[in-house]
Amino acid sequence: MPQAVQPRLGLPHQVCCAPALGHHGSQLVQGIHEVHRRGPAAAVAVMKSVALMPVSVVIEAMSIFSVNRIGSLLIVDDAKNILGIIGARDVLMAVVNHPDNIKNLKVEAIMTTNLIVGTEDDSVDYILAIMTENRIRHVPIMRGRDLKGMVSIGDVVKALVKEKEVENRYLKD
């Protein structure tokens, strides 16, 4: 029987790359994170991350998902500390469970606060195992307490497909 993969749980209040983040509008925080490509997870991590303040409403999150074509948002406080994460599935469940209050529902009410995080040195296979075992689609990539990017299930699949293409090319040659 395969052994269960043990995820790394993020500490509450992990610090985002504060110098790279800035307020855009009243609630939205965006940052571009430079990743030193030391490990496989770093190589597939998306450097652009978008975050919201906990007092933002779920409707705003829905708009950000749509405009940016993303599936998760980090929730941060005024000091850019990561408080949690919400995914498109969380928003869908909020719409189903709170249809009359969705316009006023705050993201802090639906965010996941027990974050599962990866490091730049984690293998793509490890990140995939964490995602599969925990049924999650996005993993923040950290260096210590600094956010370095976000890996989605799509990023993992692309990396694995590219790896298989390279293997096939070598086998044919």
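Predicted model: local features only at pLDDT ≥ 70, side-chain atom pairs only at ≥ 80, totals over all residues.
Biologist: Is Lys 103 buried or exposed?
Modeller: Lys 103 has a relative accessible area of 66%, and because exposed means over 50%, Lys 103 counts as exposed.

Biologist: Let me step back, then. How many helices and strands are there in the protein chain?
Modeller: The protein chain has 5 helices and 10 strands, and of its 173 residues, 42% are buried. Among the contacts with a separation of 6 or more, 58% are accounted for by residues 24 or more positions apart.

Biologist: You mentioned H3. At what angle do the axes of H2 and H3 cross?
Modeller: The axes of H2, which covers residues 58-68, and H3 cross at roughly 140° and come within 10 Å. That angle makes H2 oblique to H3, and the crossing in which H2 passes H3 is left-handed.

Biologist: Which residues meet there?
Modeller: From H2 the residues are Val 58, Met 62 and Phe 65, and they meet Ala 88, Val 91 and Val 95 in H3. Sorted by class, this contact of H2 with H3 has 6 nonpolar residues, with no polar and no charged ones.

Biologist: What about H4 and H5, how do they pack?
Modeller: Helix H4, residues 124-134, and helix H5, residues 153-172, pack at an angle of about 140°, and their axes are 10 Å apart. H4 is therefore oblique to H5, and the crossing of these two helices is left-handed.

Biologist: And which residues of H4 and H5 meet?
Modeller: On the H4 side there are Val 124, Asp 125, Ile 127, Leu 128 and Met 131, while H5 brings in Ile 153, Val 156, Ala 159 and Leu 160. The residues of this contact of H4 with H5 divide into 8 nonpolar, no polar and 1 charged.

Biologist: Switching to strands: in which sense do S6 and S7 pair?
Modeller: Strand S6, residues 72-76, pairs with S7 in the antiparallel sense, over 5 bridges, and within this pair Ser 72 stands opposite Gly 87 in S7. Strand S7, residues 81-87, is mostly covered, as 7 of its 7 residues are buried.

Biologist: How many residues lie between the strands in that hairpin?
Modeller: The hairpin of S6 and S7 has 4 residues between the strands, and Lys 80 takes a positive phi there, near 70°. Lys 80 is a residue other than glycine, and with a relative accessible area of 11% it is buried, because buried means under 20%.

Biologist: Now Arg 69. What is its phi?
Modeller: Arg 69 has a positive phi of about 55°, although Arg 69 is not a glycine. This residue is found in the loop between H2 and S6.

Definitions and conventions: Residues numbered from 1 in each chain as written. Heavy atoms only, no water. Buried < 20%, exposed > 50% of the residue type's maximum accessible area, 1.4 Å probe, protein only. Pairing = 2+ DSSP bridges. Axes fitted to C-alpha atoms, helices over the stretch in contact; angles between N-to-C directions. Parallel < 35°, antiparallel > 145°, perpendicular 65-115°, else oblique. Left-handed = near helix turned anticlockwise from the far one by under 90°. Contact = heavy atoms within 4.5 Å. Nonpolar A, V, L, I, M, F, W, Y, C, P; charged D, E, K, R; others polar.
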